[in-house]
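Student: I have a new structure open and would like to learn how to read it. Could you walk me through it?

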Amino acid sequence: MSTGEALARAAQATQVEIPQEARDRARELGWEDGLIELALAKGHSLQVIWQALRAGVDGQRAKEFLQGGQTAIPRDLSWMEVPTEWGIRARPKDPAMGLTIADLMIGTYGDVPDVWTNRSEIARGSYPNPIVEDMGYTIFEKALVWADCCVPLYEEAIRDRWVSATDLNWNSLEPLPHDLERAVCQFMTEQSERAYFTGALWSGWLPEISYGFLELKLFLSTIIYDLARHSEAFRKRALSNGGGLGLQAPTDYSRVAKEARSFPELAAILFVQDSMLYTLFSHGDEFAQNELERDLYRFVARDRKRMMDYHIERMKHMLFKLPDRRDEQNLYLNKAESRMGKDWADPAVSEPLAILLGGGVANIEEGKRKLRDLRKLQVDSYLADLQKATFIRKHINGRLEQAIQA
Amino acid sequence: MAANPATESSLDLSWLDLYEDAASAEPGKKGLTLKEINLGRYADSARGAGDMTYRMRGAIPRPGAQRFGPNYQSKADVWSENCLMLYEEATQRQWSSARDIPWDTLEPLPDELERAMCQLATMLTEVEFIAGDVPGQWMPFVSAQDFEAGLFLMTQIMDEARHTDVFRKRALANGGGLLAQGAGLGLRTLIEARDFTEMSVLMHVQAEGFVQSMFRMGELIGQTEADKRIFRMSAQDESRHLAFGVMHLKYVLDTEPERREEIHHYLDKAEGDAAGGGSGDVTFPPVFEALCILLGGGVDKFDEGLQKFLLLRKRQINEYVHRLTVAGLGDRRERLGPLMAQFLDPA
Ligand SMILES: [Fe+2]
Ligand SMILES: [Fe+2]
């Protein structure tokens, strides 16, 4: 006995309950009253009847079908002939990278529209169903979010992934002097929180972005995953060498990122921190106390480089497409710089770095000098990053300026 | 500290000696995992009251810290006892859709089979897209007191990105293309959820459970080595997502048994409403027909395929009820919607 027959017999034996949804659908399609019961009595399973209803079999066809004593359910198969682009055979351009999403950007499947109009979760390039619910996306404009580099960066992020549990040599850690260990731990506490927060923040924006910009969302998913790993790696370092978690991070900068009302504002604000942190971690050798920290900072800087590439290209693209929004960016950048200046002036932010750069509390003057140099470098690199994005920032915020001098 | 008074006076250092105990986690067999650092006052078991900041569990509260908006204050709202392990497993078992699928073994298929596979891939690349948005939507509400649950969700976002991309790759790699959009797949219920547990039981347990039961039949559905491997690799990831959901539900039912009826209420809606097939519904006609063709081995073997489709549906429903039973919601079997109940094996 086939599964279908078994189901049908079970249905008869147990007086199957007919779902209201099935009755409603049958009425819409013009099925006579009692036709569902008749189909059940003739040995069709509820599932098969349901499939006929979902396929839109009308009352006339259903009746003929049942009277004809056919057993096979009618097929539609119209989906086989929908007018999408057919005959696509994507091939890896670079065999070492494998079949990448860049290799899929062919024919109409590679068209990323300036404005995406479908409000459902339809896969870009598939054939739209005309009657679908609005899924509530709010971002439909390419100029606000897009950067071409997110296509290759997605696959690079996957290729370059690392695992904190096993790719860092935890057995190599040696006890550090108290002030240095505490400084490392305070830095880790702050960075762990910042990474976790930023990961959660980006995550919350995912459901806003429509399917037109699929590759961007894939790339953002790697950013989120990177930030998760950074957060736990920093925490692991804080808890593995005789220290602990220190004071929670200052909240000024993170709050301004959380307050963003639109994606471009969010991206402009995060541009500031992401640029500063990229510079910081790419100079990690200067404040790392051991091999493990050097490796950790190197991994983090490599991930953050991809993030910065995206920021720069997105802003450049947006300013090119929407030149009238250029000056507005100053408002977001100014806010972000101001709050960052406030965070930098916090002793729990500046002192650990100065201690680490100087090699201990005893060398604090040396450490402070080095921190000033590093802060200046961070700001100069940030302004250079903005310039790469075709944005000239004439004056940075005064509070940030003061924080560099402190 | 051997600092001289002159230099020390130029420093604040109030952050330096806020605690006295020393945390010295040692790596275990799998390296230094979240389990090894889940110790002492940093452990999830020592979780204190939350706040509305992003202060990580165990960090010292900062006077003047601003709030970031509401998040869940109680551990049971988001917690799953296996999330530490699942997070680490996720980091170890990431794979690459570009390099870990033997794309070069793809061979041209008869047109109807290629079309059926492409239709299935079209539906899946759509479903997986939502599967990334949904945990994303909830991340801002997961307190940093329960950050491991948040970390796990961030690995899920990565996993779902890979699933979205691998099915798109499959549709475009073998002479085909994308076909008809899915509709009535029951996906709105996932994004409509207004509570984390509601979302988790609908997405992790029901929708991803159905998808998982289908992936586990990938040996029968897949027509090529590459197809089968896609299903195997994706199933590996889905089992983590499911495990999180099942253990989250169990945690809620164990610690807040008064929520049982409320959870049934969400399931009553999801099983009865929409297409009646639940979230991640495979009874949407193009998907149903594509599956029958793939399982049967051609349009002319549609009826054989239909029998296997009914087996797939049976497997989906029974595994779903089994997972709910493991979580402590075994009484669900008495209230399954009729379109599901028809497949239920006797207890
Ligand atoms: Fe998935
Ligand atoms: Fe999943």
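Tutor: Two residues are in contact if their C-beta atoms, placed from the backbone, lie within 7 Å. This is a predicted model, in which local features need pLDDT of at least 70 and side-chain atom pairs count only at pLDDT 80 or more, while totals for chains, interfaces and linings use all residues. Residues are numbered from 1 along each chain as its sequence is written, with chains lettered from A and ligands numbered from 1 in the order in which they are written.

Student: How do helix 3 and helix 4 of chain B cross?

Tutor: Angles run from 0 to 180 degrees between N-to-C directions, and axes are lines fitted to C-alpha atoms, for helices over the stretch in contact. The axes of helix 3 (residues 111-138) and helix 4 (residues 147-171) of chain B come within 8 Å and cross at roughly 160°. That makes helix 3 of chain B roughly antiparallel (an angle over 145 degrees) to helix 4 of chain B. Their contact includes Cys118(B) and Phe129(B) from helix 3 of chain B, and Leu153(B) and Phe167(B) from helix 4 of chain B. By class, this contact has 12 nonpolar, seven polar and four charged residues.

Student: What about helix 10 and helix 13 of chain A?

Tutor: Helix 10 (residues 214-238) and helix 13 (residues 291-321) of chain A pack at about 155°, with axes 11 Å apart. Helix 10 of chain A is therefore roughly antiparallel to helix 13 of chain A. Among the residues that meet are Phe219(A) of helix 10 and Tyr310(A) of helix 13.

Student: Is chain A as a whole spread out or a compact globule?

Tutor: Chain A has 17 helices and zero strands (strands being E runs of at least two residues). Its radius of gyration, taken over C-alpha atoms, is 29 Å, well over the 22 Å that the globule rule (2.2 Å times the number of residues to the power 0.38) gives for 406 residues, so chain A is more spread out than a compact globule. The C-alpha atoms of chain A fill a box of roughly 95 × 50 × 40 Å along the principal axes.

Methods. Helix = DSSP H or I, 4+ residues; strand = E, 2+ residues; numbered from the N terminus. Parallel < 35°, antiparallel > 145°, perpendicular 65-115°, else oblique. Nonpolar A, V, L, I, M, F, W, Y, C, P; charged D, E, K, R; others polar.
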